[in-house]
Amino acid sequence: MSQRRRLPNSLRWRAVGWMEMGLSQADAARRLNVSRSVVQRLWNKYQSEDSVSRRPVPGRPQATTPAEDRFLALSARRKRTTTVPQLVADHFQASGRRISATTVRNRLHNAGLYARRPVVCVPLNGRQRRNRLCWAREHVSWTQQQWASVLFTDESRFTKESDSGRLLIWREQRTRYHQSNTVERHRTVTGLRYRDEILDPYVRPYAAAIGNDFILMDDNARPHRARIVKEYLEDHGLERMQ
């Protein structure tokens with residue numbers, strides 16, 4: 001059975017030409033790799049209507065106009081954190097017509113915009129950037145065995161709910177690190193919380209399991225460099241990577 005479902009008009013007329021030259025319907029069907037019934041319907045249509053061209057099939061009317069599509073894309077670009085329900089409401093306020101959330105997403109996708117998590121960065125000054133680059137160069141040649149004794153700490157959030165409440169933005173593909181798609185965030189972890197909620201329940205038992213080769217790696221955030229944190233690490237003999 002043929003895989004071709006719809007013949008273009010050029011092949012339809014070619015089949016009719018073959019049959020007018022004396023080619024059988026079966027031979028025409030084999031040349032086009034379609035069933036004989038397809039060719040037979042083409043021939044019958046040509047005999048009755050003197051045409052085999054497909055009639056244009058009216059599709060479902062667009063829910064939005066081209067101008068409204070541009071309005072949705074522009075709104076998402078101006079405020080990249082706007083949500084789909086907000087865009088639905090903005091469109092209704094501007095046009096007086098309601099559209100679905102699926103329509104909004106489709107229009108944004110057509111404009112090259114997709115909902116993605118923004119890149120979260122901590123604002124750094126020149127000195128901090130140089131220090132980070134220096135650290136990276138010093139440890140670029142470390143082996144996997146050397147890194148096996150290092151514990152990296154990071155305060156992350158986990159949720160059992162389907163909606164984590166994380167911020168999403170609308171952005172084009174391959175623009176993840178553009179400045180308009182990044183969000184600066186200042187941490188809210190205190191030195192006391194870092195000691196009581198991370199170091200004591202997690203880091204210290206893990207260090208005991210690793211042994212004397214254990215090294216703690218955290219960043220230079222102020223809570224990590226608090227006096228109570230430094231005292232805790234010294235009291236428990238925990239070495240920290242510079």
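Figure 1. Leaving aside its neighbours within four places in sequence, N181 is in contact (heavy atoms within 4.5 Å) with R80, P118, V119, I169, W170, R171, T175 and R176. With a relative accessibility of 1%, N181 counts as buried; here buried means under 20% relative accessible area, exposed means over 50%, and partly exposed lies in between (1.4 Å probe, protein chains only). Helices (H or I, at least four residues) and strands (E, at least two) are DSSP runs, numbered from the N terminus. Please keep in mind that this is a predicted model, in which local features need pLDDT of at least 70 and side-chain atom pairs count only at pLDDT 80 or more, while totals for chains, interfaces and linings use all residues. Residues are numbered from 1 along each chain as its sequence is written, and side-chain values use heavy atoms, with hydrogens and water left out.

**Figure 2. E68 in helix α4 (residues 66–78).** Is E68 buried or exposed? At 13% relative accessibility, E68 counts as buried. Its side chain reaches the backbone nitrogen of T65 at 2.9 Å. That is a polar contact: a pair of N or O atoms within 3.5 Å, where, within protein, one must be able to donate a hydrogen and the other to accept it, and residues adjacent in sequence count only if both atoms are side-chain atoms. Once neighbours within four places in sequence are left aside, E68 is in contact with A63, H91, S95 and R97.

**Figure 3. Helix α2 (residues 25–32) and its buried residues.** Which residues of α2 are buried? They are Q25, A28, A29 and L32. Seen down the axis of α2, these buried residues fall within an arc of 100°, so they line one face of the helix; the arc is that of the directions from the helix axis to the C-beta atoms. R30 and R31, on the other side of α2, are exposed. The cover over the buried residues of α2 includes α1 (9–20) and α3 (36–49). After α2 comes N33, with a positive phi near 60°.

**Figure 4. The largest nonpolar core, with 14 residues.** A nonpolar core is a set of buried Ala, Val, Leu, Ile, Met, Phe, Trp, Tyr and Cys residues joined through side-chain atoms within 4.5 Å. The residues with the most contacts inside the largest core are L7, L32, V34 and V39. At least two residues of this core come from each of α1, α2 and α3. The largest share, five residues, is supplied by α1. A second, separate core has 13 residues, including L151, L199, F214 and L216.

**Figure 5. Helix α9 (residues 191–210) and its kink at L199.** How does the span of α9 compare with that of a straight helix? A straight helix of 20 residues would span 28 Å at 1.5 Å a residue, but α9 spans only 24 Å between its end C-alpha atoms. The expected span is 1.5 Å times one less than the number of residues. The kink at L199, of about 55°, lies shortly before the proline P201; the bend at a residue is the angle between axes fitted to the seven residues ending there and the seven starting there. The buried residues of α9 are G191, Y194, I198, L199, V203 and A207. Their cover includes β3 (150–152), β6 (215–217) and α10 (227–235). G211 follows α9, and its phi is positive, near 105°.
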